[in-house]
Amino acid sequence: MSDLKFCQGPACHTYFTQDRVKGPQGHKTNQTRRRSSMYYGNGNFCDMRCQNDWFDKYGTQAVNYFGRTTEAKHLTEDNAWRKDYEWRSDIDEPHRHYFLNTITKERRPLTEAQYNDTSYTINTGE
Ligand SMILES: [Zn+2]
């Protein structure tokens with residue numbers, strides 16, 4: 001039970017569903033959802049409504065805290081690399097993963113591990 005986590009929606013406990021009603025007989029209350037895994041907002045919210053509630057309440061503070069965009073970013077050849085892959089239906093042949101430069105159309109091969117590593121990039125600058 002220890003790896004259950006709470007939905008971070010600030011109003012989760014105010015929505016009426018049977019699975020939110022918890023507690024001993026006669027003392028049941030509507031409670032914040034707890035689950036071992038959630039599918040919204042990087043696993044922090046039980047549903048889209050709770051994710052939106054959080055953003056409505058804290059979104060502007062979060063943007064200001066982490067850094068508001070104050071000038072236009074520019075797409076250049078140096079930061080135009082995107083990961084993509086070609087699907088292979090033949091079970092003996094793996095999918096072909098690659099970087100694609102969306103400006104020059106150059107392709108560079110990637111391993112599947114590099115493709116899946118969300119921090120792996122060859123982009124320079126923003
Ligand atoms: Zn929730």
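Strands β6 and β7 form a hairpin with five residues between them. Strands and helices here are DSSP runs, numbered from the N terminus (E over at least two residues for strands, H or I over at least four for helices). The model is predicted: local features need pLDDT of at least 70, side-chain atom pairs count only at pLDDT 80 or more, and totals for chains, interfaces and linings use all residues. Residues are numbered from 1 along each chain as its sequence is written, and side-chain values use heavy atoms, with hydrogens and water left out.

Strand β6 covers residues 96-101 and strand β7 residues 107-110. The two pair in the antiparallel sense over four bridges; pairing requires that DSSP finds at least two bridges between the strands. Phe99 stands opposite Arg108 in β7. Leu100 has Arg107 of β7 as its bridge partner. In the turn, Lys105 has a positive phi of about 70°, although Lys105 is not a glycine. Lys105 counts as exposed, at 57% relative accessibility. The classes used here are buried (under 20% relative accessible area), exposed (over 50%) and partly exposed (in between), with a 1.4 Å probe and protein chains only.

On its other pairing, β6 is joined to strand β5 (residues 81-86). Six bridges connect these strands, which run antiparallel. Tyr85 stands opposite His97 in β6. In a regular strand, side chains alternate between the two faces of the sheet.

Asn42 lies in the loop between β4 and α1. Its relative accessible area is 79%, so Asn42 is exposed.

The zinc ion has four protein donors: Cys7 (SG), Cys12 (SG), Cys46 (SG) and Cys50 (SG). They lie 2.3 to 2.4 Å from the ion. Donors are N, O and S atoms within 2.8 Å of the metal (3.2 Å for Na, K and Ca); water is not among the atoms, so sites may look incomplete. The site is tetrahedral, with angles of 106 to 113° among its four donor atoms. Four donors count as tetrahedral if all angles lie between 85 and 135 degrees; four count as square planar and six as octahedral if opposite donors are over 155 degrees apart and all others between 65 and 115, and anything else is irregular. The ideal angle for four tetrahedral donors is 109.5 degrees. In sequence, the donor residues are spaced C-x4-C-x33-C-x3-C. Cys7 and Cys50 link distant parts of the chain, 43 residues apart. Cys7 sits in the loop between β1 (5-6) and β2 (21-22), and Cys50 in helix α1 (residues 48-66). Both Cys7 and Cys50 are buried.

Helix α1 also holds Met48. Together with Tyr39 and Tyr40, Met48 makes a nonpolar surface patch of about 360 Å². Patches consist of residues with over 30% relative accessible area and no salt bridge; like charges are joined within 9 Å, and nonpolar side chains (Val, Leu, Ile, Met, Phe, Trp, Tyr) within 5 Å. Accessible areas come from the Shrake-Rupley method with a 1.4 Å probe; for residues, only the protein chains shown count as cover. Met48 is partly exposed, with a relative accessible area of 42%.

Side chains of opposite charge can pair when their charged atoms come close. A salt bridge is a side-chain nitrogen of Lys or Arg within 4 Å of a carboxyl oxygen of Asp or Glu. By this rule the count is nine salt bridges. Arg33 forms one with Asp19, the closest N and O atoms being 2.7 Å apart. Arg33 lies in the loop between β3 (29-30) and β4 (34-35) and Asp19 in the loop between β1 and β2, so this pair ties together parts that are 14 residues apart in sequence. Arg33 is buried, with a relative accessible area of 11%, whereas Asp19 is partly exposed at 35%. Arg33 also meets Asp47 in a salt bridge (3.6 Å, N to O). Asp47 lies in the loop between β4 and α1, 14 residues from Arg33. At 17% relative accessibility, Asp47 counts as buried.

A network of salt bridges links Glu86, Arg88, Glu93, Arg96 and Arg107. Within it, Glu93 forms a salt bridge with Arg88, the closest N and O atoms being 4.0 Å apart. Glu93 is partly exposed at 28% relative accessible area. Arg88 is partly exposed at 21%.
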